[in-house]
Amino acid sequence: MTLDKDGLRARFCHALSEMYKAEVPLYGDLVDLVWQADAEALRASQQQQQGNTNTNTNTTINPDDVLPARNRVERHGAIRLGTQRELSTIRRMFAVMGMNPVGYYDLSVAGFPMHATAFRPRTREALARHPFRVFTTVLRMELLSERTRALAERALAQREIFSPRLLALVDSAERKGTLSGAECDEFIAEGLETFRWHSRATVTLEEYRVLKAEHPLVADIVSFPSCHINHLTPRTIDIDLVQRMMRERGMPAKERIEGPPRRANPILLRQTSFKALEETVYFRDARNEYVRGSHTARFGEVEQRGYALTRKGRQLYDQILARVNREAAGSVEYEAILVKHFEEFPDDLAQLQAQRLAFFCYRVTPYAPKRDYQGVESVSLAQLLKGNVLDYEPITYEDFLPLSAGGIFNSNLAHTSQSKQLIMEADTDLDGFQRMLGAPVLDEFCLYEQLQQESLETCRQQLGVGSIEVDSDNY
């Protein structure tokens with residue numbers, strides 16, 4: 001019997017969420033707030049559709065009854081690793097749960113001495129069953145000063161974030177292709193320990209200060225015996241409402257939402273968070289006794305996911321955002337500048353499709369004259385759409401934005417990096433990252449295009465045509 005990777009992933013994510021609620025109670029409050037915000041957004045939408053007539057404004061709509069199942073269970077987590085072995089081993093662990101490394105993120109552009117990938121399911125079916133994803137960064141030692149690098153390498157060499165039993169279970173799953181029910185239970189329990197928070201540091205207070213002065217995230221990566229989850233992120237359908245409710249309820253929300261502005265047709269990813277908590281940590285002193293200190297790293301994040309953009313669409317997005325950032329530098333009018341510039345990006349579904357700015361899944365409409373196309377050698381996608389033979393829906397963006405991640409991270413840092421100039425001048429290093437990973441990362445654009453092509457192939461078979469021609473130059 002083969003391993004039910006989707007089921008294991010769902011169980012692991014639920015267990016991780018429960019653990020994080022216990023560790024960071026404010027995260028549990030945030031999950032409840034997101035449920036309430038979604039209920040309010042759905043009620044407002046229903047009122048608008050019904051023209052505010054014959055609607056009981058006090059009726060509570062349960063988002064669990066309305067939204068796709070994945071919206072309610074969806075979480076993304078984030079971890080930070082220090083070494084090649086940790087990265088390659090976490091890849092093997094996530095593979096047991098059907099999670100693959102997708103995308104490469106160079107975080108040096110945001111001032112962080114790290115690069116990253118996202119471990120997530122890759123197929124439409126697996127994402128629908130449970131879309132758990134983990135944004136995983138690893139330290140770039142070459143971007144640290146010599147003194148800090150030596151300290152980091154020494155501290156990381158002395159820790160083991162994976163239990164012997166977890167490693168044995170990963171070996172067994174790779175070898176046999178399955179795990180028993182009892183072994184799945186063990187895998188979840190042992191895997192949680194890799195991500196659990198520890199209040200006792202593995203470095204001295206003096207060493208911690210050296211690491212933190214280099215960069216606060218270096219201190220977070222190096223100073224602890226695990227790669228603790230630093231945030232878990234529920235998904236919402238109205239992040240602006242969540243942001244407002246966070247402030248109304250006294251949560252320490254960040255100043256603004258990261259990503260594109262609010263749109264009728266949302267694109268890519270919008271994120272906000274409550275600021276990281278200052279937590280008590282115990283460090284060893286010169287006499288090898290523990291002394292009390294503090295550390296700031298863990299926070300709560302919320303995301304609203306939009307449509308996946310094609311390469312052409314992403315290029316337009318990046319160009320607009322670059323202009324926004326240049327004009328808004330030092331300005332308090334960021335939101336107004338953002339909205340003004342993004343008027344250039346079409347906010348109409350038909351235009352997004354016609355201009356090949358976003359990816360879509362296509363389907364044959366219920367009343368399509370299928371017989372008219374039986375045996376036809378070739379027909380264009382545009383012709384099928386014009387004749388209402390095919391319909392389409394946008395593909396959800398399942399990945400991340402490095403500058404948005406940087407904005408979230410920066411809002412949770414009280415200090416700047418001593419080596420920021422070295423970091424900002426660094427070259428991207430996909431090859432080096434893949435060597436550390438021990439495998440290639442998957443190209444997210446190729447995955448979205450594959451989903452789109454698979455939907456078109458299904459349509460082709462249902463219509464009985466030889467081929468559906470698509471202008472692929474813009475993808």
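**Exercise 1.** Which exposed residues does the face of H13 turned away from its buried side carry?

*Solution.* The structure is a predicted model, in which local features need pLDDT of at least 70 and side-chain atom pairs count only at pLDDT 80 or more, while totals for chains, interfaces and linings use all residues. Residues are numbered from 1 along each chain as its sequence is written, and side-chain values use heavy atoms, without hydrogens and water.

Step 1. List its buried residues (under 20% relative accessible area, with exposed meaning over 50%; 1.4 Å probe, protein chains only). They are Gly-313, Arg-314, Leu-316, Tyr-317, Ile-320, Leu-321, Val-324 and Ala-328.

Step 2. Look down the axis of H13: the buried residues fall within an arc of 160 degrees and so line one face of the helix. The arc is taken from the directions from the helix axis to the C-beta atoms.

Step 3. Turn to the face away from this buried side, which carries Gln-315 and Arg-326.

**Exercise 2.** Identify the residues of the largest nonpolar core that touch the most other members.

*Solution.* Step 1. Define the core: buried Ala, Val, Leu, Ile, Met, Phe, Trp, Tyr and Cys residues joined through side-chain atoms within 4.5 Å.

Step 1. Among the 76 residues of the largest such core, Val-222, Tyr-317, Phe-345, Leu-390 and Ile-468 touch the most other members.

Step 2. Note the separate core of 57 residues, which includes Ala-41, Leu-81, Ile-90 and Ala-253.

Conventions:
Helices (H or I, at least four residues) and strands (E, at least two) are DSSP runs, numbered from the N terminus.
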